[in-house]
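Work through the exercises below with the sequence and the model at hand. Each task is followed by a solution in steps.

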Amino acid sequence: MWHVGDQWAFHWESPDGGGDYTWTVDRLERVDGVEHYVVRSGPREIYFRATDLATSLETLSGRVERRNVPPRIGFSWPLSPGAMWRQRYLGEGDGRSPAERAIDWRVEGEEEGGVEGG
């Protein structure tokens with residue numbers, strides 16, 4: 001699926017500003033006995049479970065900022081128009097009490113896209 005060294009460049013804009021950032025697959029690492037891709041963006045690392053890309057953990061400068069229990073599922077494969085999924089999980093970390101979160105996802109449709117070379 002992903003390989004160490006893979007990169008994605010992002011650009012974001014909002015009424016409050018904008019910016020650019022890059023994600024780089026830094027390494028593979030086992031967390032609680034499960035293989036994860038560790039994606040680095042500056043001092044932030046995001047741990048994606050290798051089997052389904054669910055996010056388990058985020059660190060900032062080596063400090064746990066968020067742990068998702070169970071890991072947060074961002075994609076339900078295969079993605080197809082009309083697909084829906086829901087999940088409840090605990091978001092823990094950063095010295096705050098664990099908070100239950102609920103998330104609903106829906107694939108609205110397909111869109112033509114492209115990749116810019118650099």
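This is a predicted model: local features need pLDDT of at least 70, side-chain atom pairs count only at pLDDT 80 or more; totals for chains, interfaces and linings use all residues.

Residues are numbered from 1 along each chain as its sequence is written, and side-chain values use heavy atoms, with hydrogens and water left out.

**Exercise 1.** List the residues of the largest nonpolar core.

Step 1. A nonpolar core is a set of buried Ala, Val, Leu, Ile, Met, Phe, Trp, Tyr and Cys residues joined through side-chain atoms within 4.5 Å. Buried means under 20% relative accessible area, exposed over 50%, and partly exposed in between (1.4 Å probe, protein chains only).

Step 2. The largest such core has 8 residues: Trp-2, Val-25, Tyr-37, Val-39, Ile-46, Phe-48, Ala-50 and Leu-53.

Step 3. At least two residues of this core come from each of strand E3 (34-41) and strand E4 (44-49). Strands (E, at least two residues) are DSSP runs, numbered from the N terminus.

**Exercise 2.** Locate Asp-32 and Ser-61, and give the phi of each.

Step 1. Asp-32 sits in the loop between strand E2 (17-31) and E3; its phi is near 50 degrees. Asp-32 is exposed, at 73% relative accessibility.

Step 2. Ser-61 sits in the loop between strand E5 (55-60) and E6; its phi is near 55 degrees. Ser-61 counts as exposed, because its relative accessible area is 62%.

Conventions
Helices (H or I, at least four residues) and strands (E, at least two) are DSSP runs, numbered from the N terminus.
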